[in-house]
Every structure is written in C-alpha cells, then in structure tokens.
Amino acid sequence: MSDEKKHGDTISATIGNVSGRSQVAVGHDIQQSQVHGAPAALTEAERAQLLQMFADVKRKIAQEAPPAEKDKALERVDELHEAVTAKEPDLTTMEYVRNWFVKNLPSVAGSVVSLIVHPLVGKLVEVGGEALTSTFRKRFGIEKS
C-alpha cells in the first residue's frame with residue numbers, strides 16, 4: 001500500500017423509482033433545468049366547437065326541461081362552462097353538475113355527460129397535468145386510450 005492520500009470526494013446515491021417527468025442528478029456543481037410545454041390549448045375551431053356543444057345542451061334544456069327546472073338547469077350549464085374552461089378545470093364542479101342533471105333532469109343528463117367526457121374537455125383537463133387527468137378519468141370512467 002502506498003502512503004498517498006486519496007484526493008477528491010466520494011459520491012454515492014441510491015435512486016428509487018423515477019418516472020414521469022422527473023430528473024435525477026448526482027455530483028458536484030450540477031445545474032439542471034427542465035421545461036415541459038403544456039399541452040396545446042384549444043384551437044379557435046375547437047373552441048368554437050366546444051361553445052357549440054354548450055349551446056346544444058342549452059337548446060335541449062329549452063326544449064325538454066319543465067319550466068320549474070329550466071332556469072336551474074341553465075345555471076348548472078353555465079357553472080359547467082366555467083369549470084371546464086377555468087385555467088385548471090374544476091372537476092368537483094363538473095361532477096356536481098353531472099350529478100345534478102342525473103337527479104333532476106335525467107332526459108338531459110346524457111347530453112351533459114357526453115359534453116364532460118368529450119375529447120375537447122379532456123384536452124383542457126390535460127393542461128392541468130397528469131394528476132388532474134388521472135383524477136378526471138377515474139371520476140368520469142374514461143378509459144385511457
């Protein structure tokens with residue numbers, strides 16, 4: 001054995017499950033940055049299609065809802081619109097509106113559910129990240145394709 005001294009540091013790391021968009025770096029003077037582009041927002045054509053879908057649900061309410069329920073149903077659709085188009089879609093409100101229609105106006109509930117599970121709404125939810133998207137799929141029974 002020599003009498004030389006060891007120079008430098010010893011670096012060791014144990015890294016468990018790293019998935020998704022995670023990063024790991026081990027060492028000295030490491031600098032990392034990570035940028036993920038958010039999924040694209042809706043195009044103008046998609047935004048117009050989404051607005052048309054809401055208008056179609058309102059038209060169905062106007063045709064089928066009893067007078068006593070009409071105003072309440074239209075308010076729920078407005079709430080749904082706000083929830084879907086919020087910076088981060090509000091899943092709790094979306095679920096509440098769905099449940100309200102199932103309970104109070106079942107003849108329109110199918111149209112409301114179809115709107116909620118539409119791919120354009122899914123696209124808006126995806127902007128909120130993987131956790132929100134996963135919760136959305138679970139709450140509304142959407143299979144990942």
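The axes of helices H1 and H4 come within 10 Å and cross at roughly 175 degrees, where axes are lines fitted to C-alpha atoms, for helices over the stretch in contact, and angles run from 0 to 180 degrees between N-to-C directions. H1 and H4 are therefore roughly antiparallel to each other, a term applied to angles over 145 degrees, whereas those under 35 count as roughly parallel, 65 to 115 as roughly perpendicular and the rest as oblique. The model is a predicted one, in which local features need pLDDT of at least 70 and side-chain atom pairs count only at pLDDT 80 or more, while totals for chains, interfaces and linings use all residues. Residues are numbered from 1 along each chain as its sequence is written, and side-chain values use heavy atoms, with hydrogens and water left out.

On the H1 side, Met 53, Phe 54, Val 57, Lys 60, Ile 61 and Glu 64 meet Ser 107, Val 108, Ser 111, Val 112 and Leu 115 of H4, contact meaning heavy atoms within 4.5 Å. These residues divide into 7 nonpolar, 2 polar and 2 charged, with Ala, Val, Leu, Ile, Met, Phe, Trp, Tyr, Cys and Pro counted as nonpolar, Asp, Glu, Lys and Arg as charged, and the others, Gly among them, as polar. Val 108, which lies in helix H4, counts as buried because its relative accessibility is 0%; buried means under 20% relative accessible area, exposed over 50%, and partly exposed in between (1.4 Å probe, protein chains only). Not counting residues up to four places away in sequence, Val 108 touches Val 57, Lys 60, Ile 61, Glu 64 and Phe 101. Val 108 and Glu 64 are 44 residues apart in sequence, yet their C-alpha atoms are 7.7 Å apart in space.

The protein as a whole has 6 helices and 0 strands, helices (H or I, at least four residues) and strands (E, at least two) being DSSP runs numbered from the N terminus. Of its 145 residues, 26% count as buried, and among contacts between residues at least 6 apart in sequence, 55% join residues at least 24 apart. The mean pLDDT, the predictor's confidence in each residue on a scale from 0 to 100, is 85, and 77% of the residues reach 70 or more.

Beyond its neighbours within four places in sequence, Met 94 is in contact with Leu 80, Ala 83, Val 84, Pro 89, Ile 116, Val 121, Phe 136 and Phe 140. Arg 98, found in helix H3, also counts as buried, at 18% relative accessibility, and its contacts outside that sequence range are Val 112, Val 113, Ile 116, Arg 139 and Phe 140.

In H5, the buried residues are Leu 120, Val 121, Gly 122, Leu 124 and Val 125, and they pack against H1, H2, H3, H4 and H6. H5 and H6 pack at an angle of about 145 degrees, with their axes 8 Å apart. Val 121, Gly 122, Val 125 and Glu 126 of H5 make this contact with Leu 132, Thr 133, Phe 136 and Arg 137 of H6, and the residues involved divide into 4 nonpolar, 2 polar and 2 charged.
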